[in-house]
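Colleague: Could you bring up the model, so that we can go through a few of its contacts together?

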Amino acid sequence: MKLTDREKAERLQTIRCFVLDMDGTIYLGEKLFDFTREFLDTVEAAGKTFCFFTNNSSKNEEAYLSKLARMGISIPKERMLISNGVIIDWLKANRPGESAYVVGTPLLEEAFRLAGIPCKGEDASFVVLGFDTTLTYEKLAIACSMVRAGKAIYGVNPDWNCPVENGFIPDCGSMAALIKASTGVQCEFFGKPSPHTLRYLLEHTGCRAGELAVVGDRLYTDIAVADGTPVTSILVLTGETQLSDLEKSAVQPDLVCDSLAELTRLLKLNC
């Protein structure tokens, strides 16, 4: 059943924090959407808050904070969350003192080292697969060899593609599919929609599930992370998902908005 604007606005009244995806939601590539700043201002004017969470594991917090600053958005570090942090926290709690073979960018490797997780070669304890824009055949061959030897493989984020200005490029999920085709082993993922991510968001925002809204452009990550929980999921149509995709998806958002501009207008109805 299609909701009216008033019904959509009422759903937003209990939200304390909006968790915003980045690629395809607030910007596309290096271009900030025209309506993003007004949305952020409206959230704060309404007495609510926001943070960013991206599945894109090719960069670290500092890189994203610098990118946002170039776009005129300045936020404290604790409001910039990445799938990298989800897997790092889990590994420190569940595999302390062990080393990782990181199939990822130099920035992802640096994040592991700074967190106290040693990065080694084939003698590492397990494989970590990220969105590696520096991927080489040698890295894949080593990872597959380790997996065949019985070592665990963990995927940072399950995204098939990353949206860019002129289309899409293969992301971590596609790389994981290649490794699975070679080894028969499917890695466990930690970014959206993993329950690991939901626990991470609740912990870092300090919100109860019913006070959290996840906003994004992908059904199988942004929206699925809230599926079956009291978290409100809001799909925006400025990235990967088209309205026609909803007809064949088992995962359905609580709210659908053309963009953050529509979400801004709904928030203002409550003011």
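Colleague: Which residue does E44 form a salt bridge with?

Modeller: E44 forms a salt bridge with R79, and the closest N and O atoms are 3.4 Å apart; the term stands for a side-chain nitrogen of Lys or Arg within 4 Å of a carboxyl oxygen of Asp or Glu. This pair links distant parts of the chain, with E44 in helix α2 (residues 36–45) and R79 in the loop between α3 and β5 (80–82), 35 residues apart. Helices (H or I, at least four residues) and strands (E, at least two) are DSSP runs, numbered from the N terminus.

Colleague: What should I keep in mind about where this comes from?

Modeller: This is a predicted model, in which local features need pLDDT of at least 70 and side-chain atom pairs count only at pLDDT 80 or more, while totals for chains, interfaces and linings use all residues. Residues are numbered from 1 along each chain as its sequence is written, and side-chain values use heavy atoms, with hydrogens and water left out.

Colleague: Back to that pair: is R79 buried or exposed?

Modeller: R79 is buried, because its relative accessible area is 19% and buried means under 20%, exposed over 50% and partly exposed in between (1.4 Å probe, protein chains only). E44 counts as partly exposed, since its relative accessibility is 43%.

Colleague: How many salt bridges does the structure hold?

Modeller: The structure holds 18 salt bridges. One of them joins K67 and E30, with the closest N and O atoms 3.7 Å apart. K67 is in helix α3 (residues 61–70) and E30 in the loop between β2 (27–28) and β3 (31–32), 37 residues apart, so that this pair links distant parts of the chain. K67 is buried, because its relative accessible area is 8%.

Colleague: And what does R218 pair with?

Modeller: The side chain of R218 meets that of D159 in a salt bridge, at 2.1 Å from N to O. Again distant parts of the chain are linked, 59 residues apart: R218 is in the loop between β12 (212–216) and α9 (219–223), and D159 in the loop between β8 (153–155) and β9 (161–164). Both R218 and D159 are buried.

Colleague: Which residues are linked in a network of salt bridges?

Modeller: R16, R208 and E211 are linked in such a network.

Colleague: Switching to helices, at what angle do α6 and α7 cross?

Modeller: The axes of helix α6 (residues 137–148) and helix α7 (residues 172–183) cross at roughly 50° and come within 10 Å; axes are lines fitted to C-alpha atoms, for helices over the stretch in contact, and angles run from 0 to 180 degrees between N-to-C directions. The two helices are therefore oblique to each other, given that angles under 35 degrees count as roughly parallel, over 145 as roughly antiparallel, 65 to 115 as roughly perpendicular and the rest as oblique.

Colleague: Which residues of α6 and α7 make the contact?

Modeller: On α6 they are L140, A143, C144, V147 and R148, and on α7 they are L178, I179, S182 and T183, where contact means heavy atoms within 4.5 Å.

Colleague: What about α4 and α8, at what angle do they cross?

Modeller: The axes of helix α4 (residues 83–94) and helix α8 (residues 195–205) cross at roughly 95° and come within 10 Å, and the helices are therefore roughly perpendicular to each other. G85, V86, D89 and W90 of α4 make the contact with H196, T197, Y200 and H204 of α8.
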